[in-house]
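Colleague: I would like to go through the labels on this model. Please set each value against its cut-off.

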Amino acid sequence: MYKVDLPLDQSIENAVERRRSAETERKARIFNTRLRVMGLDVSALDQQVQKKKHQQNMEIQRDKAFDKLREYHDEALLQQDIDEKEKQDTLRAELTQYRATHQCVEDSRDADLKCGLKGAFSSTTPEGKLGPASMTLFQGEHIGEEQMRREQMKKTDRDLRAQKEDNERKHVGEKQREMIVNKELVLQDLRGVQLHALDEECKKATRIALDNYNHALTAERAERLKEQHRREEMEKRAEMQHTLTSDMMTECAEAAERELGGRRAARVLVDRWKGMSPEQLSAIHREREEQRQERERQRDAEKIQNAAWELQLLKQSRKAEEEDRRAEELRRENRIQTDHYNMQLAREQQEHQEFLNKKLYTNKPSKDYFHQFNTSSR
């Protein structure tokens with residue numbers, strides 16, 4: 001019997017201890033300025049690696065322990081099967097020995113029929129004292145016994161031969177079926193080999209076609225890249241030619257404005273604009289001065305409006321304060337009246353209580369009054 005050292009189930013305690021240690025290490029890392037500022041915590045990483053290795057070793061030991069336990073259980077089951085078979089063989093042998101010793105054919109009642117004896121057992125009682133119930137053979141019973149036994153033996157032989165022929169026919173049929181199954185399996189294997197060969201040929205042809213297609217795509221892509229490079233080169237040359245001969249290089253001021261049809265104003269081309277003219281600058285200054293004056297007028301109007309609003313708010317605040325003062329005086333008067341009324345009610349209640357205690361309820365019951373009850377069963 002193997003000794004299996006399985007680890008104890010201390011998962012909850014281990015989990016709590018692991019969380020506590022992790023929290024302690026985390027606080028140490030957080031409050032350690034050098035490690036937090038300068039780089040990684042190498043010691044913490046080493047501890048994590050050590051913990052991982054320890055956990056893996058524990059898992060390996062646990063797996064080995066479970067393997068030993070499984071082997072022990074397998075051996076125990078095998079030994080139990082062997083013991084059971086030996087016990088069954090012993091019981092079978094003892095049963096055979098018991099039948100051979102205590103249940104012989106010669107000791108049975110029909111031993112005279114099976115073994116040719118005159119009686120199943122020898123009796124010491126005289127024949128004159130035996131009755132009809134003690135007789136085992138009667139007159140005329142043994143006539144044709146040998147012929148009947150020979151017929152039974154012939155019939156038994158015929159039955160045995162028929163069973164043998166039937167078993168041989170079954171065996172031949174099973175062999176034929178097995179041969180047919182084997183042939184079918186061989187044919188299936190041949191078909192599988194042929195299908196595998198056809199599959200390999202199809203895959204080979206597919207790979208060749210795919211390689212040809214990839215080569216064609218590569219050539220087409222190379223040609224397309226050449227055409228793209230040639231087109232880009234021509235576009236760059238055309239752009240250089242256009243830039244050299246454009247109004248931007250010649251610094252034409254009229255090129256910055258373009259007339260549009262209808263009543264729409266001229267459009268300024270920003271890529272060709274060289275700056276504003278003196279007339280445009282003077283118009284901008286006039287517009288800005290007008291806007292400043294308009295803004296001053298708006299500010300004056302806002303100041304007047306704000307002053308009017310502040311005066312109105314001051315009047316409303318004074319009116320609200322006056323209303324609050326009147327409401328406070330009214331509440332104070334109501335509170336004084338309520339206090340006077342409560343004091344009057346308290347005096348009346350006190351007088352009523354004194355009347356009850358001193359004038360109405362003056363005769364208090366004594367202990368004898370209560371002791372007169374429940375003094376008998378009636």
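Colleague: What percentage of the 378 residues of the protein chain count as buried?

Modeller: 3% of them count as buried. The label requires under 20% relative accessible area; over 50% is exposed and in between is partly exposed (1.4 Å probe, protein chains only). Some ground rules. This is a predicted model, where local features need pLDDT of at least 70, side-chain atom pairs count only at pLDDT 80 or more, and totals for chains, interfaces and linings use all residues. Residues are numbered from 1 along each chain as its sequence is written, and side-chain values use heavy atoms, with hydrogens and water left out.

Colleague: What makes Arg169 and Asp166 a salt bridge?

Modeller: The rule asks for a side-chain nitrogen of Lys or Arg within 4 Å of a carboxyl oxygen of Asp or Glu. The closest N and O atoms of Arg169 and Asp166 are 3.8 Å apart, so the pair meets the cut-off.

Colleague: Why is Arg169 called exposed?

Modeller: Its relative accessibility is 54%. That is over 50%, so Arg169 is exposed. Asp166 has 29%, so it counts as partly exposed.

Colleague: How are Arg169 and Asp166 placed in helix 5?

Modeller: They are three residues apart in helix 5 (residues 145–245), so about one helical turn separates them. Helices are DSSP runs (H or I, at least four residues), strands likewise (E, at least two), numbered from the N terminus.

Colleague: How do you know that Asp199 and Lys203 form a salt bridge?

Modeller: The N to O value is 3.9 Å. That is within 4 Å, so the label holds. Asp199 and Lys203 are four residues apart in helix 5, again about one helical turn. Asp199 is partly exposed at 36%, and Lys203 is partly exposed at 40%.

Colleague: How many salt bridges does the rule give?

Modeller: The count comes to 15. Glu322, Arg325 and Arg326 are linked in a network of them.

Colleague: What elements does the protein chain have?

Modeller: Eight helices and two strands. From the N terminus, the order is α-α-α-α-α-α-β-β-α-α.
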